[in-house]
Amino acid sequence: MSGAPSRVVHCQDAIAWLAHNPLTEGDAIFTSLPDASEQKRLAFDAWQAWFGAAAESVVRALPARSAAIFYQTDVKQDGAWVDKSFLVQRGAYAAGARLLWHKIVCRAPAGVATRMRPSYAHLLCFSRDLAEDPMQSGPDVLPELGAMTWARAMGLAAADFAVQWLKDRANARCIVDPFCGIGTALAVANRMGLDAVGVELAQGRAQKARDLVL
Ligand SMILES: C[S@@+](CC[C@H](N)C(=O)[O-])C[C@H]1O[C@@H](n2cnc3c(N)ncnc32)[C@H](O)[C@@H]1O
């Protein structure tokens, strides 16, 4: 790679973008699908269906010998626990992928009750054709999510882990985040010398994602 790594951010619907812009060799995906609270036009049940279908679209978009990592925090709704890991897995399996690993990222120290939001996030890695070597797998529990660039951001320690894995084990040269928010995954990728492509529906966030420096 010559020069500084590139960053391109498209302001549009991620599902439409994925359908019209085939990813190519060297691209890998690291993303966080939007929570129900960010999809207020949808009733909660409709959001759950959308979420699974979005995960399926993301995984279907993967090129050969690549992987997609999802960073998701569960929600509690009407007295029930809604497991986004389950929803993502349903979509990813429908797309013909396997779960290579599932890590828990602590949002609070073990043993501390957080009441409203769960005290951990999921980090889930899927591929249709790569396999994980158990002798090379890192820790299953990441003790800290790291600093956050805003309230809905991925934690930076978790993001560093995910992007490093995609670089080392999926030979990623470009990280694609189809729901990039203000661009945490893109900035982490650039910091590691990888190109980055983001998609974001909200204009203000798309602009921030073009400019974010960690
Ligand atoms: C969980 S946030 C991502 C946060 C991001 N990982 C960060 O660190 O900034 C999900 C983002 O998806 C965006 N979004 C929601 N629906 C979308 C769609 N259909 N296409 C593209 N982006 C969408 C939201 O505006 C929100 O910024």
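On a 1 Å grid over the protein atoms alone, a pocket is an open set of points where a 1.4 Å probe fits, with protein on both sides within 12 Å along at least five of seven lines. A molecule sits in a pocket if more than half of its atoms lie within 2 Å of the pocket's grid points. By that test, the ligand sits in the largest pocket.

This is a predicted model, in which local features need pLDDT of at least 70 and side-chain atom pairs count only at pLDDT 80 or more, while totals for chains, interfaces and linings use all residues. Residues are numbered from 1 along each chain as its sequence is written, and side-chain values use heavy atoms, with hydrogens and water left out.

Around the ligand are 21 residues, of which Asp13, Ala14, Trp150, Thr184 and Glu200 come nearest (a residue is near if one of its heavy atoms lies within 4 Å). The shell comprises ten nonpolar, six polar and five charged residues; Asp, Glu, Lys and Arg count as charged, Ala, Val, Leu, Ile, Met, Phe, Trp, Tyr, Cys and Pro as nonpolar, and the others, Gly among them, as polar. A ligand nitrogen atom is 2.7 Å from an N or O atom in the side chain of Asp13.

The sheet is open and has eight strands in the order β1-β10-β9-β2-β3-β7-β6-β8, with mixed pairing. Strands are DSSP runs of E with at least two residues, numbered from the N terminus, and two of them pair if DSSP finds at least two bridges between them. β1 (7-10) and β8 (141-142) stand at the edges with a single partner strand each, so one side of each is left without a neighbour in the sheet. β1 runs parallel to β10 (residues 195-199), joined by four bridges, and Val9 stands opposite Gly198 in β10.

Terms used
Polar contact = N/O pair within 3.5 Å; in protein donor to acceptor, adjacent residues only side chain to side chain. 1 Å grid on protein atoms, 1.4 Å probe; cavity = no way out; pocket = protein on both sides within 12 Å on 5 of 7 lines; lining within 4 Å.
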